[in-house]
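Please read them beside the sequence and the structure.

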Amino acid sequence: MRLLCLSIAISLMFVSVAHAQDDKRPIGHVAFDLRGFYSGLGQDPITATNLDVDAATLPTRALGGIAGIHVYVIRRSSFALGLGAEGVLARGRRQEKDAETGAPVGLPITQRFRSLAPQISLNFGHRQGWSYLSAGMGPLAFSTYLGPNAPGDPPPVKSTINMGAGARWFSTQHVAFAFDLRFYLTRPIEETVLYPGRQRARIMVLSAGIAIK
């Protein structure tokens, strides 16, 4: 909850920046986002037990990217209601190494995080800069496996809530710096033949990149 309050506070900070822009026209009709992140995934004890490994050997962080599109269906002088969707893809990999030789020991462990979710957003500001609060819900796969290759079958998928805040600040007419702080409230998953189980978790993703309008 403290982190969510932090994201809202940051978003409100960008509101003041957005209102300081010279261009007071309403937010445009559409925006595209491309953002990257390096985020923590946690070390789930249930996942470790099912894989018969120490939880400390699970990858703690993942490199990923986010792509999204947002259409502003209601536009006023300093407010807009947006509908859109965002896709997330991230992967973290770790393999233990011999302390003396540095040679790989055992099998690599990979964690993958994939989501595609519709979103609704409340946007505050003007055409050249605005902040937003948004939330959505859609299918998410958060899987872990041993070895160099993923299992042949797709991982379990759960409908997952996400919520967060961010801002887009346009330094040119069409390209902006984009910032987003988002939380994914993952649900428990039972162990299957190919994939380990997982407990409920809250994954925080702090991403930055560009927005295009």
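How many aromatic pairs does the count come to?

1. The count comes to 5 aromatic pairs, where rings of Phe, Tyr and Trp (its six-membered ring) pair if their centres lie within 6.5 Å, with planes under 30 degrees apart counted as stacked, over 60 as edge-to-face and the rest as tilted. This is a predicted model, in which local features need pLDDT of at least 70 and side-chain atom pairs count only at pLDDT 80 or more, while totals for chains, interfaces and linings use all residues. Residues are numbered from 1 along each chain as its sequence is written, and side-chain values use heavy atoms, with hydrogens and water left out.

2. The rings of Phe113 and Phe142 have centres 5.3 Å apart and planes at 80°, so this pair is edge-to-face. Because Phe113 lies in strand β4 and Phe142 in strand β5, the pair ties together parts that are 29 residues apart in sequence; strands are DSSP runs (E, at least two residues), numbered from the N terminus. Both Phe113 and Phe142 are buried, that is, under 20% relative accessible area with a 1.4 Å probe, protein chains only.

3. Phe113 also forms an edge-to-face pair with Tyr184, at 5.3 Å centre to centre and 80° between the planes. Since Tyr184 lies in strand β7 (residues 175-186) and Phe113 in strand β4, this pair ties together parts that are 71 residues apart in sequence.

4. Ring pairs also link Tyr72, Trp130 and Phe170 into a cluster. The charged end of Lys213 sits over the ring of Phe170, 4.5 Å from its centre; for such a placement, NZ of Lys or CZ of Arg must be within 6 Å of the ring centre and within 35 degrees of the ring normal. Arg198 lies over the face of Phe142, at 3.7 Å from the ring centre.

5. Lys213 has a further partner in Gln128, since a polar contact of 2.6 Å joins their side chains; a polar contact is a pair of N or O atoms within 3.5 Å, and within protein one must be able to donate a hydrogen and the other to accept it, while residues adjacent in sequence count only if both atoms are side-chain atoms. The side chain of Gln128 also reaches the backbone oxygen of Thr172 at 3.1 Å. Gln128 is found in the loop between β4 (109-126) and β5 (129-146), and at 14% relative accessibility Gln128 counts as buried.

Conventions:
Helices (H or I, at least four residues) and strands (E, at least two) are DSSP runs, numbered from the N terminus. Buried means under 20% relative accessible area, exposed over 50%, partly exposed in between (1.4 Å probe, protein chains only).
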